[in-house]
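Here is a short briefing on a predicted model. Read it alongside the sequence and the coordinates.

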Amino acid sequence: MTIPASSNTFGGRASPWVSRIAMAAVHFFILVIFLQNVTVDTWSAVVGLLFAHLYSVVALTYWSKIERTAAGDTVIVTVTLEFVLMAAIFWERASAWPWSTLFGLAMVQICAFAAVKYWKDLRQAPASAWFGLIVILIYVMVAATAPIIAPYGETEIVGSEYDVWSNKHLLGTDNLGRDMFTRLIYGGRNTVGIAFTTTLLAFLIGGLTGILAAAVRGWLDQVLGRLVDVLMAIPSFIFALLILTIVGTSIPSLIMVIAVLDATRVFRLARAVSMNVVVLDFVEAASLRGEGLWWLIRSEILPNILPPLVAEFGLRFCFVFLFLSGLSFLGLGIQPPTADWGSMVRDNATLITYGDITPLLPAAAIAILTIGVNFVVDWFLHKASGLKD
Amino acid sequence: MTDATTDSQSRDKKGGIILDMHGLRIEGRSDEIWHEIVHGVNVTLRRGEVLGLIGESGAGKSTIGLAAMGFARDGCRISGGSIMFDGVDLAKASDDSLRQLRGSRIAYVAQSAAAAFNPAHRLIDQYCEAPVQHGIMPRSEAESDAIDLYHRLRLPEPESIGFRYPHQVSGGQLQRAMTAMAMACRPDLIVFDEPTTALDVTTQIEVLSAIRDIVRQFDTAAIYITHDLAVVSQMADRIMVLRHGNLIEEGETRGMIEDPQKEYTRDLLAVRTFRKELSDEPDAEIPLLRVQGVSAAYGKVPVLHNVSMDIHRRRTVAVVGESGSGKSTMARVITGLLPPSQGAVYYDGQPLAPSHRRRSKDDKRRLQMIYQMPDTAINPRQRVRSIIGRPLEFYLGMRGEDRDARIMQLLEMIELDPDEFIDRYPGELSGGQKQRICIARALAAEPELIICDEVTSALDQLVAEEILKLLQRLQDELGLAYMFITHDIATVRAVADEIVVMLQGEVVEHGPKAEVLSPPHHEYTELLLSSVPEMDPDWLDNLLVERSDQPA
């Protein structure tokens, strides 16, 4: 039997030897990091190893699928090796937090892959989009590798209360004497992570039901529509406070409550834009062909309503962010001692009276990310709408 | 034309040059590079003269028409030449001075009046906007003027029609209201951009004669853009034939129609000559599709009344009638989108389920449809490969290489280069190419009957003829039956074996082509037939005289 196709799997013929060696090196590195932990925490090390293997397989498969140039390969390999080098320099920290190292590596590689694949588009992107992308990249990297780059522990009390900015505590300390810089880094991880998960969930629920309502019409549309009306009739902040008081403020319930409340807005948008697409001839042609509902939703409608949904995603993400911070400020959001930007503003608010801007830093972190996300969404919309200038 | 001096105020007589575009070059931007799309065209227009611009889509007609207003679309720019309008060079004029001219001295009538009107305002409000804005007359005067123009344009209920919203009047009326709007400031020049293309023949006549009369009455110079040589020969004093942004031929209308100099012009003139060879009489066998006593309604509004017709294998049945006559509803009943309230549809002698949801996959496969607007009939986010490949997968279970080979075959069948087109998105195709993809998608299902719903009406004539030839070739090769829905008699003459004439949801005449097209006609058939523009510059005049002689 001849094996013409097999040479192409895993990078194959087109892949230069550097890429294979780089990938092997990374694999080996992660192996060592997790093996170090076997003595401390066997299960986590085993799961981590499996995960690392899985990731390598996915990365290599993807590697062979994107259209590559020598320059692209060099970028991916260099970025990967640089990360490994950094982790090797901070060996103690990297081996103490193997999961963060793995996630950091995954992020670095995903970004490099994406950059190589979409380089053509990226090169033409306006400065604002670049700003947004870099902001998001920084936030993502910081969130992924928080324990490695943070100088102290998240809840560790390391000094006196309200210490000033110094070499020891870059941004001073907070009301309990915890390092502000460290808290800011961990806060990014918690707040951004939860906000992103919530928004994604809201879009899954709202988007899917919205398209479904538009595609099926009739009673389903009516039932879903009225249900959403009822949910929207109650001021969402009050409603969230009410539910959270009942079910308690664990992070999963926080995510679920906000996601469901936000899904109502997404439902309305998804339904409205889908309505415009459902009446077009190609949807009629597909249903005459006998296609099922799932095909209609996934292949005919969804690709055509993606641009407005993505725009809404950017906005919604920011709203969820503010919603979360608002809840935290009122004490019903992410619970202490977990670091969170919203409650950090509240805890240190007294400092503002002394003319210290430190409590505004978490607020600024929220603002900058919000702007960055919207710049990127604007750019995407501009491209999707086919406007050239 | 020279004797029409009513209202022309203190303007120069016909003869003075009003517009002189010299060496006009326009560039369009795509893929970050500027490409020239109009290559140095000269256009001169005298007062009171009507100039016809004709050519296929992409010839640069509309671009030149807009340039006459000193305007370039988004992503376009005027890169060379001069546009002298009454002594001012519009190519160099400031935005402010252009704004002064537009609407007051130069006006524009767009192809789709329905899209050009703002649906949120009443017609008369939109009419008054320009004269009031330009400070030419106060609102009250503008309103009475509007009513006067509505009279002249023979709009029904001219006193009150202005107080309706755009969706409350028909397409033909809207197009005339738009012409009135363009006339509001008594401009020196009006640019008509395919004003009748979206209308059916019977309405087209009303709009054409209304436009022509009003232009003559006010002695306005006009640029009339169209791809229909027969239409332009009714309207224009002089014709310019354009292709790919170049001037092919220019001349007086009569001279050009009678004795075209260039090959391309002759092609345009000859476009309606395609005729199908008549096929044999149908065998006495069971018809492939039989519609029996079908009535149908949208909600409570009845649309079809007891309609019956047969379609035999290898035959083309043309269904003709103006918009609203129930042609497309008939197609919806046959495909099962609209279950009939009475009667039934039989396929090969077997009754078809009224709703398409209840029909078997095989029933659906054998009956395919091609739509009027290729732009909306294919998913803009799918590549040609998946558009054509999907029916292959779905109906015939083809996968992988089998499927790709068949897609290639189908692309060859519709005369598109497989390697070049298979991975394109619809946005990268022209209108004619999109329609070919729609045909390929229908063919992929290996159907026996294809319903063609106005498949050529959104296309240029040259392209339309190629599509008709393609469909004909496919019928000969694959033995397909067609149900051809159209309002264009020329198409019917070209392709039909049998004709069904519909009016207000009823069949008024049906039979073999020769029988229906030769007298004596049903009076409605007569009206349809006589409304098709002919290549004779006197046709409209003669027709109007003829029609005014006999009481309606």
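Two strands count as paired if DSSP finds at least two bridges between them. Strands (E, at least two residues) and helices (H or I, at least four) are DSSP runs, numbered from the N terminus. This is a predicted model: local features need pLDDT of at least 70, side-chain atom pairs count only at pLDDT 80 or more, and totals for chains, interfaces and linings use all residues. Residues are numbered from 1 along each chain as its sequence is written, while chains are lettered from A and ligands numbered from 1 in the order in which they are written.

**A four-stranded sheet in chain B**
- The open sheet runs β12-β11-β14-β15 (chain B), with antiparallel pairing.
- β12 (301-311) and β15 (350-351) of chain B stand at the edges with a single partner strand each, so one side of each has no neighbour in the sheet.
- Antiparallel strands β11 (residues 289-298) and β14 (residues 342-347) of chain B are joined by five bridges.
- S295(B) lies opposite Q342(B) of β14(B).

**Overall build of chain B**
- Chain B holds 23 helices and 20 strands.
- Its C-alpha trace spans about 75 × 55 × 45 Å along the principal axes.
- Of the 552 residues in chain B, 46% are buried (20 or more other C-beta atoms within 10 Å of the residue's own, C-beta atoms being placed from the backbone).

**Confidence in chain A**
- Mean pLDDT (the predictor's confidence in each residue, from 0 to 100) is 84 for chain A, and 93% of its residues reach 70 or more.
- Residues 1-14 of chain A have pLDDT below 50.
- Where pLDDT is low, the predicted coordinates should not be read in detail.

Key. A residue is buried if 20 or more other C-beta atoms lie within 10 Å of its own, exposed if 12 or fewer, and partly exposed in between; C-beta atoms are placed from the backbone. Two residues are in contact if their C-beta atoms, placed from the backbone, lie within 7 Å.
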